Amino acid sequence: MDQFMVDVTDIPGAACGDSVTLIGSDGEERISMEELGEMSHRFNYEFACDLGKRLPRVFYYQEKPAVYMDQFSPQLHSLKK
């Protein structure tokens, strides 16, 4: 399986359809796989293994999105214009 659930019960204002950042940064907020592992009492590499092929990947260069890859086109695609 390439799915897992996140309990947002105790997050005020969380609603269906909200965008979330599970790993990485969003504005000034940042969370690493190590922190996520500590909070969930799991090994951090388990989260990397749970991120299946259906999840698109965006790679950053100098803090800007540079290339992406998804299951439909496994080669890297430039985001530069």
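Visitor: Among contacts between residues at least 6 apart in sequence, what share joins residues at least 24 apart?
Guide: That share is 13% in this protein. Contact means heavy atoms within 4.5 Å.

Visitor: What kind of model is this, and how are residues numbered?
Guide: It is a predicted model, where local features need pLDDT of at least 70, side-chain atom pairs count only at pLDDT 80 or more, and totals for chains, interfaces and linings use all residues. Residues are numbered from 1 along each chain as its sequence is written, and side-chain values use heavy atoms, with hydrogens and water left out.

Visitor: OK. How many helices and strands does the protein have?
Guide: Two helices and five strands. From the N terminus on, the order is β-β-α-α-β-β-β. Both kinds are DSSP runs, numbered from the N terminus: helices are H or I with at least four residues, strands are E with at least two.

Visitor: What part of the protein is buried?
Guide: Buried residues make up 10% of the 81 residues. Buried means under 20% relative accessible area, exposed means over 50%, and partly exposed is in between, with a 1.4 Å probe and protein chains only.

Visitor: New topic. How many aromatic pairs are there?
Guide: One. F43 and Y45 form the pair, and it is stacked. The centres are 5.6 Å apart, with 15 degrees between the planes.

Visitor: What counts as stacked?
Guide: Rings of Phe, Tyr and Trp (its six-membered ring) pair if their centres lie within 6.5 Å. Planes under 30 degrees apart count as stacked, over 60 as edge-to-face, and the rest as tilted.

Visitor: Why does F43 count as exposed?
Guide: Because its relative accessibility is 54%.

Visitor: And salt bridges? How many does a search of the whole structure find?
Guide: One. R42 pairs with E46, and their closest N and O atoms are 3.4 Å apart. A salt bridge needs a side-chain nitrogen of Lys or Arg within 4 Å of a carboxyl oxygen of Asp or Glu.

Visitor: How accessible are R42 and E46?
Guide: R42 is partly exposed at 32%. E46 is partly exposed too, at 25%.

Visitor: Where is M33 found?
Guide: In helix α1, residues 33–40. M33 is partly exposed, with a relative accessible area of 26%.

Visitor: What does M33 touch, leaving out residues up to four places away in sequence?
Guide: I23, N44, F47 and A48. As for L22, it is 11 residues from M33 along the chain, and their C-alpha atoms are separated by 8.6 Å.
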